[in-house]
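Reader: I have a model open and want to learn to read it. Where do I start?

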Amino acid sequence: MKLGSPIRRKHPRIEIIPLIDIMFFLLASFMMVSLQMQKVSTLKASLPTATLATTTAKPDMVILTVDRSGQVEMDKKAISFPELLTLLTHRYNLNTNLPVYITGTRDTTHGSVMYVLDFVKRVGIQRVAIAVKAAPDHS
């Protein structure tokens with residue numbers, strides 16, 4: 001004979017929501033740890049030169065050359081950023097359609113060229129181009 005208890009017996013429940021939360025946390029943790037364990041290495045990129053570049057020098061254009069250290073040259077003469085700002089502002093006030101070409105030496109970093117490009121754009125000059133040099137003819 002089965003005797004009944006005055007205390008009602010509860011059936012055990014497994015709460016699955018906290019279990020799912022813990023599993024997502026563990027998954028995210030393992031993913032982050034595995035990403036940090038990868039060895040990150042970069043390659044030195046030698047950017048290609050243009051094969052059909054032509055010289056389009058005009059007397060009113062500004063040609064800026066950026067070297068490896070990020071120093072800017074204009075007409076083969078080093079120029080500081082405050083001097084460059086003054087010069088570009090003056091030339092832009094004289095001619096609002098002033099073209100500016102930015103080129104770099106072979107080992108110039110992309111970031112240095114982009115910094116100079118942003119610097120020129122902040123003056124208000126809209127006609128800015130990245131100049132390329134023709135590859136030597138090996139025929």
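Author: We take confidence, then strand pairing, then the surface.

Author: This is a predicted model: local features need pLDDT of at least 70, side-chain atom pairs count only at pLDDT 80 or more, and totals for chains, interfaces and linings use all residues. Residues are numbered from 1 along each chain as its sequence is written, and side-chain values use heavy atoms, without hydrogens and water.

Reader: What is the mean pLDDT of the protein chain?

Author: pLDDT is the predictor's confidence in each residue, from 0 to 100. The chain mean is 80, and 78% of residues reach 70 or more. Among the elements, α1 has the highest mean (91) and β5 the lowest (84). Helices (H or I, at least four residues) and strands (E, at least two) are DSSP runs, numbered from the N terminus.

Reader: Which strand pairs with β1?

Author: Two strands pair if DSSP finds at least two bridges between them. Here β1 (residues 62-66) pairs with β4 (residues 100-104), parallel, over five bridges. V66 has G104 as its bridge partner in β4. Three bridges join β4 to β5 (residues 128-130), also parallel. There, V100 is partnered by V128. From β4 the chain crosses through helix α3 (residues 110-123) to β5, a right-handed β-α-β crossover. Right-handed means that, with the strands pointing away from the viewer, the path from the first strand over the helix to the second runs clockwise.

Reader: Is L19 buried, partly exposed or exposed?

Author: Buried means under 20% relative accessible area, exposed over 50%, partly exposed in between (1.4 Å probe, protein chains only). L19 lies in helix α1 (residues 17-37). L19 counts as partly exposed because its relative accessibility is 47%.
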